[in-house]
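This report describes a predicted model. It covers the ligand surroundings and then the salt bridges.

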Amino acid sequence: MAARTPVSGGGLRAIRYTVAKAFEVGPWRLWRRMNTHNACKTCAVGMGGQRGGMVNESGHFPEVCKKSLQAQVADMKGALPRDFFKKHSLAELQALTPKAAEDSGRLVYPVIYRRGARGDTFQYISWDNAMEHWANSLRATEPARAAFYASGRSSNEAGFLLQSFARVFGTNNVMNCSYYCHQASGVGLKMAYGTGTATLELDDISKSDLVVLLGANPASNHPRLMTQLSDLRRRGGNVIVVNPIRESGLENFHVPSQVRSLLFGTKIATMYLQPLAGGDVALLVGVLKALAERNRLQTQYLQDYVNGWQAIVAEAQAASWETIVAQSGVTQNEIEGMATMIADARAVIFAWAMGLTHHTSGVQNVLAVSNVALATGNVGRPGTGMLPIRGHSNVQGVGSVGVSPALQDAVRAALERLYGKPMPTAPGYDTHAMLEAAEQGKLDMLVALGGNLWGSNPDLTWASTAMGQIKNIVYLSTKLNPGHFHGLGAETTLILPVLARDEEPQATTQESMFNFVRLSDGGTPNIKGQMRAESAIICDLAQRVLGDEPVDWQRLRDHNEVRKLIAEAIPGWRAVETIGQTKQEFTITGRVFHTPKFNTSDGKATMFSTPLPIFQEDALRLMTLRSEGQFNTVVYEEHDLYRGIPHRYCILLAQADATRLGVRAGDRVTVRGEAGSMANIEVVVGRIRAGNAAMYYPEANALIKAHIDPLSKTPAFKSAPIWIEAHA
Ligand SMILES: Nc1nc2c(c(=O)[nH]1)N[C@H]1C(S)=C(S)[C@@H](COP(=O)(O)OP(=O)(O)OC[C@H]3O[C@@H](n4cnc5c(=O)[nH]c(N)nc54)[C@H](O)[C@@H]3O)O[C@H]1N2
Ligand SMILES: Nc1nc2c(c(=O)[nH]1)N[C@H]1C(S)=C(S)[C@@H](COP(=O)(O)OP(=O)(O)OC[C@H]3O[C@@H](n4cnc5c(=O)[nH]c(N)nc54)[C@H](O)[C@@H]3O)O[C@H]1N2
Ligand SMILES: [Mo]
């Protein structure tokens, strides 16, 4: 079918949806839950905590979004039936769609799958037996053959305990989902500024007069950021959107908490450029060239605060417009228009998400953005800066507290002091390297604190095979997802049910993408069951494996004790020590730059050369995306409201490509990728730049092989070569 007339984002539909959701679990119960002092569970814009559930970092109320409701309602709905696994064979479980797995209910009891055992499905296991089995298998595992993965929903306390335990146990094989997400941002920012996170805080957005939004769809994925963009437009500021797809929610958005905007909508994009996927480096080199040609570089700023700028500017000047236009897919005129709007603005913020990081040129993309920001003096001043729009609600925190294979020297030294023992020195695996090691039979134990590692991977067949070589896999999860049934260990797979953050008996902390640390009060379980706190499970494991060595792990069940260690070990986190008592939420020190003095040895930022990436010519470039109705691999709704796409087994093509390929809207085709094919995919013709195609993640992971960014190790989920094979 043709894409239905796209609707603008937000608005009454969102509100209608909210009301319908509320009745699934009872409006009063939901309202009370949404108002507790807990950080929002969905994206990392950050909300809630001590100011109350619907208040943002600047104290604005009410901040509501469909996503937080979806996530909250999902945790409050029924429990997984007692006889669920008795009724379903493994084959049946493997056939569940992501939505069916999610809808089957909250995990409320531990289960184990033993390969080759009778019954061929998961069986109930008591907590004590589950923990004993886990501890025994870990004791029999060489440290280098164990790996620990964390998604970004867990608390800082659980994350810190997990990585501490892993390192005391003897391995640096500690990683989080950011290797499939914003790692390129961390690496690029660190190279340019010496710190790997946003250079600004939330309030800076209200001081800017231009936001450049590249490769991000906040209308669906960070709805609360839309309030900021809408406010910016109402103040007379501008938004430049750079995106191969015309996202209707970025053209016009109805902010639910602003009456006028709710009714009439707010125009968001002032300028909308549609490059080729992966064309951003070329586009940004073009912007730099146009700035130089027009004498709009901030040369004084560059001289005072930036290293290496002359060579980079010279390179941009030497690039030909012909190449820039061909590689970016954007006209010279549009590129010059973008450069002028940036140069004319008083204070510019550059924000981006997966459209920039999910490429083999992920780090180059971030550096190319940074070059333009520095060339125009837009970092290190109020209202300006670099803003990676983070994914999971605590992915930044989990990384900050050390759930990553490489530790800063200071953190390593602090851990050695705190635990009185040398930390392992052998380099740990990043996420993809860990799966490669698994494939080669180098791992015996994988612990996954949340997430869906299997479904997040490129090439799902490969992911099943690789994970199938690991002897024992242990998942700590709130809900079922297909990863539990496909990412099975060679011998055993344990699934342990955990409490969500608003159910935890103790307070926990989370870090937003603006470097702000929140305190969540916790609460009581939404449903009856045997779920346990993540931190308690890790301490129990540590105690069983290591006894009282080198610390009393039982004492660390107390989050105040864990926070004392975080305060000692993690730079900028001193204030976390007493947050349990003072409830004083805080901005991490040393991260936000309101003067152009950066975290580098000479205090200066650096510009880097960004070579243009090379793409396969005969293929369409596939971007794998999120729909309006999903959170990562968790699918809440089959249709995609804002893009007007009816279901998840569709491919979005430009009219020009459809014509060239001889297919029409509504046709069913087979899509072939480097890892596999998907048949019976419906063609949708819509507002996407010719040469590109879009399909939904995680389903489309069946198609794509991992081309890895050499600098950040991130798979190219947004520029995978595909071919339309035949009519199904
Ligand atoms: N509701 C909801 N919220 C979420 C999530 C969710 O799944 N659902 N996931 C969370 C997580 S973990 C993350 S990381 C974020 C993800 O947030 P986003 O990065 O916004 O999510 P994606 O759907 O991956 O889409 C990226 C956007 O980039 C564009 N794009 C793709 N390739 C390119 C390119 O080469 N260049 C440019 N300029 N643009 C490109 C796409 O058209 C799309 O609009 O959202 C977080 N928030
Ligand atoms: N093709 C393609 N692949 C991609 C992407 C893409 O755009 N395209 N995006 C990538 C990105 S940006 C990311 S971040 C990864 C996502 O990678 P992950 O973070 O690994 O995956 P999620 O789907 O977010 O994990 C969802 C599961 O987390 C569990 N969970 C939820 N809340 C909690 C909690 O509070 N505690 C615990 N212990 N468990 C919980 C539930 O069991 C739920 O099913 O996928 C990556 N993969
Ligand atoms: Mo992400």
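## Ligand 1

An oxygen atom of ligand 1 lies 3.3 Å from a backbone N or O atom of Gly-355, a polar contact (a pair of N or O atoms within 3.5 Å; within protein, one must be able to donate a hydrogen and the other to accept it, and residues adjacent in sequence count only if both atoms are side-chain atoms). An oxygen atom of the ligand is also 2.5 Å from a polar backbone atom of Asn-632, and a nitrogen atom is 2.9 Å from a polar backbone atom of Asn-221. Taken alone, ligand 1 exposes 920 Å², of which the protein buries 99%; accessible areas come from the Shrake-Rupley method with a 1.4 Å probe, and for residues only the protein chains shown count as cover.

Helix H11 (218–221), helix H20 (354–357), strand E21 (620–625) and strand E22 (630–631) are the elements that give two or more residues to the shell around ligand 1. Helices (H or I, at least four residues) and strands (E, at least two) are DSSP runs, numbered from the N terminus. The ligand is surrounded by 30 residues, the closest being Asn-243, Glu-247, Asp-280, Gln-630 and Asn-632; a residue is counted if one of its heavy atoms lies within 4 Å. At least three residues of the shell come from each of domain 2 (183–393) and domain 3 (620–726), with bounds from an automatic or database domain assignment. The shell has twelve nonpolar, 13 polar and five charged residues, where Ala, Val, Leu, Ile, Met, Phe, Trp, Tyr, Cys and Pro count as nonpolar, Asp, Glu, Lys and Arg as charged, and the others, Gly among them, as polar.

## Ligand 2

Ligand 2 is surrounded by 30 residues, and the closest are Tyr-149, Lys-479, Thr-633, Tyr-697 and Asn-701. By class, its shell has eleven nonpolar, 14 polar and five charged residues.

An oxygen atom of ligand 2 is 2.6 Å from a side-chain N or O atom of Thr-633. The protein buries 97% of the 930 Å² that ligand 2 exposes when taken alone.

## Salt bridges

The structure holds 30 salt bridges (a side-chain nitrogen of Lys or Arg within 4 Å of a carboxyl oxygen of Asp or Glu). In one of them, Arg-106 pairs with Glu-503, with the closest N and O atoms 2.8 Å apart. Arg-106 lies in the loop between helix H6 (98–103) and strand E2 (111–114) and Glu-503 in the loop between strand E16 (492–497) and strand E17 (508–511), so the pair ties together parts 397 residues apart in sequence. Both Arg-106 and Glu-503 are buried (under 20% relative accessible area; exposed is over 50%, partly exposed in between; 1.4 Å probe, protein chains only).

Glu-132 and Arg-139 form a salt bridge at 3.7 Å, N to O. Glu-132 is partly exposed at 31% relative accessibility, as is Arg-139 at 40%. Asp-128, Glu-132, Arg-139, Asp-540 and Arg-544 are linked in a network of salt bridges.

## Conventions

Residues are numbered from 1 along each chain as its sequence is written, and chains are lettered from A and ligands numbered from 1 in the order in which they are written. Local features need pLDDT of at least 70 and side-chain atom pairs count only at pLDDT 80 or more, while totals for chains, interfaces and linings use all residues; side-chain values use heavy atoms, with hydrogens and water left out.
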